[in-house]
Amino acid sequence: GTPPPAVAPGDTPAEAKPEASPRLGMRRYKVNLPPPAVFEMSLDRVDPDGTKWTGSATMTWHTDGSHYQASVQAGLSLLITRLNLLTSRSEGEIDDYGIAPLKSTEKRARRAETATHFNRDAGTITFSASEASFPLMVGAQDQVTVPFQLGGIGRADVNQFGSDIDIQVADAKDATINRFQLVGEEELDTNTGKIVTWHLSRPAKPGSYSSKLEIWLAPGINWYPMQIRVTEGNGAVNTQTVSDIKMTQAGK
C-alpha cells in the first residue's frame, strides 16, 4: 500500500492557511506551454437517469509567448436545433509560473454572463456574481486554462507528475485548490486513431467542488488535452473528446 502523505513540520497545507500571503503556499512548476491550436470536440452527456445527449464543442488556445486567449464554446444538439449551452473565455499574460489569467467570463444558456477577475496588483480574485474575494495564489488558473497549464507542466518536465499537482482554480464564484493526480497512461480512441495519453484526475472534494474532473493529455501531440470529462455531483457525466486539431499561427 502507499504510505499516507507526509507533512513536514511547519508545512501546513495551503488550505489551512487562509491568512497566508497570496504569493505563498503553492509549489512552483516548470511550464512550457503548448503552441496555439483550435480543437473541434465531440460532446457526450449522460444524465443521472441514463438519458444521452450529443453535441459539439470548440476549444481555442492562442498565445504569442507573452499573452494568451483561450475559449470554449459547447452546445448540445436537440434533433434539429443546437442549444448553445456554454461559452467561456479567458485572457491574460504568460509569466514565470505559466498561464496568468487576468479575466475569465462564462455565459450559460438563459443566464447572465459572469466574470472572474484576477487582480494581480491587489493579490485577490474577485467575481461579478459574488461578493467573495480570495487570495490570489501563484500559478492560479481558471476553468478554461487548467488543461493547457497542465499540458505545459508535462511539456516542461514530465517527472513533475510523479507527485500530485496542486493548482488554485477559480470558477464563477469560488477559488479552490485543485489536486490533480496521475491515474496512468491510457490509449484513447479518437477520430484520428488511437492516441497514447496521460490520464489526470481531480477527485470531487466534499464541501468544496462536488464534481470530478478528468483530463487526458497527449505527450506525442504537444501535450494537448485530448479528452476532458466532468462527473457532476448528481452523477451526470459530460465528456469532450477532440475530433480535429488545427494548429494556428502564434498571435493570430
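Analyst: Two strands count as paired if DSSP finds at least two bridges between them. Strands themselves are DSSP runs of E with at least two residues, helices are runs of H or I with at least four, and both are numbered from the N terminus.

A word on what you're looking at: this is a predicted model, where local features need pLDDT of at least 70, side-chain atom pairs count only at pLDDT 80 or more, and totals for chains, interfaces and linings use all residues. Residues are numbered from 1 along each chain as its sequence is written, and side-chain values use heavy atoms, with hydrogens and water left out.

The chain has one helix and 15 strands. Of its 252 residues, 44% count as buried, meaning under 20% relative accessible area with a 1.4 Å probe, protein chains only.

Now the cavities. On a 1 Å grid over the protein atoms alone, a cavity is a set of points where a 1.4 Å probe fits but cannot get out, and lining residues have an atom within 4 Å of a point. Points are joined across faces, edges and corners, and the volume is the space filled by probe spheres set on them. The structure holds three cavities of 30 Å³ or more.

Which strands supply the lining? β4 (81-95), β5 (98-108) and β6 (114-119) each give at least two residues, and β5 gives the most, with three.

β5 and β6 pair antiparallel over four bridges, with Ser-104 opposite Thr-116 in β6. Five residues sit between these two strands in a hairpin, and Arg-110 in the turn has a positive phi of about 60°. On from there, β6 runs antiparallel to β7 (residues 124-127), joined by four bridges. Thr-116 turns up again here, standing opposite Phe-127 in β7. This hairpin has four residues between the strands, and Gly-123 takes a positive phi near 70°.

For comparison, the second largest cavity has a volume of about 70 Å³. Its lining divides into six nonpolar, two polar and three charged residues, among them Met-26, Tyr-97 and Asp-166.

Technical notes:
Buried < 20%, exposed > 50% of the residue type's maximum accessible area, 1.4 Å probe, protein only. 1 Å grid on protein atoms, 1.4 Å probe; cavity = no way out; pocket = protein on both sides within 12 Å on 5 of 7 lines; lining within 4 Å. Nonpolar A, V, L, I, M, F, W, Y, C, P; charged D, E, K, R; others polar.
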